[in-house]
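This briefing is for a reader meeting the structure for the first time. It begins with the overall fold and then takes up helices, loops, side chains and a pocket.

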Amino acid sequence: MISSTCESSASHTQDCTTRRSTCPRLSVGAVPARDGRDLSGGYNGSPRGLPHSVHVDDEPCTDSLHAEETALLNAAYHGVSSRGTALYCTHSPCKACTGRIINVAVVAVVYALPYRSDAGLARLAVAGVLVEKLQEAGCLPTEA
């Protein structure tokens with residue numbers, strides 16, 4: 001079991017998700033944390049300075065960055081290493097994001113809701129990244 005920084009990371013993730021995500025299809029948030037401290041935050045949306053994407057159907061957006069990418073890039077932008085962190089996410093990461101998670105040496109991923117594909121979770125397992133589905137009530141959003 002992962003030693004959780006649930007209260008700080010989850011509240012930050014919820015804030016990122018509900019207030020910052022620019023995707024009308026699915027709001028996702030992610031926070032890398034180490035030693036009980038949030039290092040950065042990320043949400044799914046357009047790259048910095050670009051207009052928000054517009055969805056005309058339920059297909060995934062190809063113009064936006066994913067929350068996990070944004071969280072890891074925001075940490076790097078501010079000179080903070082994500083090495084050895086736990087990444088708290090509202091949803092399990094997609095396969096593409098897991099490559100980034102593995103390459104920056106995140107050691108654990110904690111998520112609340114499953115993504116539509118479990119290919120990302122399988123890839124994390126092969127890479128030896130600890131994965132935990134958050135069961136603690138009130139930490140992250142639950143499916144309605």
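Helices, of at least four residues, and strands, of at least two, are DSSP runs numbered from the N terminus. With that numbering, aspartate 35 falls in the loop between strand 1 and strand 2 (37-38). The model is predicted. Its chain holds four helices and six strands, in the sequence order α-β-β-β-α-β-α-β-α-β.

**The chain as a whole**

- Of the chain's 144 residues, 45% count as buried.
- Among contacts between residues at least 6 apart in sequence, 53% join residues at least 24 apart.

**Helix 2 and what follows**

- Helix 2 (67-77) is mostly covered, with eight of its 11 residues buried.
- The buried residues of helix 2 are Ala67, Glu68, Glu69, Thr70, Ala71, Leu72, Asn74 and Ala75.
- The cover over these buried residues includes strand 1 (29-34), strand 3 (42-43), strand 4 and helix 3 (95-103).
- After helix 2 comes glycine 79, which has a positive phi, near 75 degrees.

**Helix 3 and what follows**

- In helix 3, the residues Cys97, Thr98, Gly99 and Ile101 are buried.
- The buried residues of helix 3 pack against helix 2, strand 4, strand 5 (108-113) and helix 4.

**Helix 4**

- Leucine 121 is a residue of helix 4.
- Not counting residues up to four places away in sequence, leucine 121 touches Ser92, Pro93, Tyr111 and Val131.
- Leucine 121 and valine 131 are 10 residues apart along the chain, and 7.5 Å separates their C-alpha atoms.

**Two buried loop residues**

- Threonine 85 is found in the loop between helix 2 and strand 4 (86-91).
- The relative accessible area of threonine 85 is 0%, so this residue counts as buried.
- Leaving aside neighbours within four places in sequence, threonine 85 is in contact with Pro32, Ala33, Arg34, Leu39, Ala105, Val106, Val107 and Ala108.
- Valine 129 is in the loop between helix 4 (119-127) and strand 6 (130-133).
- Valine 129 counts as buried because its relative accessibility is 9%, where the cut-off for buried is under 20%.
- With neighbours within four places in sequence left aside, the contacts of valine 129 are Ile102, Val106, Val107, Ala108, Val109 and Leu124.
- Valine 129 and alanine 86 are 43 residues apart in sequence, while their C-alpha atoms are 9.6 Å apart in space.

- Aspartate 35 is not a glycine, yet has a positive phi of about 55 degrees.
- Aspartate 35 has a relative accessible area of 72% and is therefore exposed, as exposed means over 50%.
- Alanine 105 is not a glycine either, and its positive phi is about 70 degrees.
- Alanine 105 has a relative accessible area of 30%, so it is partly exposed.

**Rings and charge**

- How many aromatic pairs does a search of the whole structure find? The search finds zero.
- A ring does take part in another arrangement: the charged end of arginine 48 sits over the ring of tyrosine 77, 4.5 Å from the ring's centre.

**The second largest pocket**

- The second largest pocket has a volume of about 250 Å³.
- Its lining is made up of 19 residues, and those nearest the centre of the pocket are Arg25, Val28, Asn44, His66 and Tyr115.
- By residue type, the lining of the second largest pocket divides into 10 nonpolar, six polar and three charged residues.

How values were computed. Residues numbered from 1 in each chain as written. Predicted model: local features only at pLDDT ≥ 70, side-chain atom pairs only at ≥ 80, totals over all residues. Heavy atoms only, no water. Buried < 20%, exposed > 50% of the residue type's maximum accessible area, 1.4 Å probe, protein only. Contact = heavy atoms within 4.5 Å. Phe/Tyr/Trp six-rings, centres within 6.5 Å; stacked < 30°, edge-to-face > 60°. Lys NZ or Arg CZ within 6 Å of the ring centre and 35° of its normal. 1 Å grid on protein atoms, 1.4 Å probe; cavity = no way out; pocket = protein on both sides within 12 Å on 5 of 7 lines; lining within 4 Å. Points joined across faces, edges and corners; volume = space filled by probe spheres on them. Nonpolar A, V, L, I, M, F, W, Y, C, P; charged D, E, K, R; others polar.
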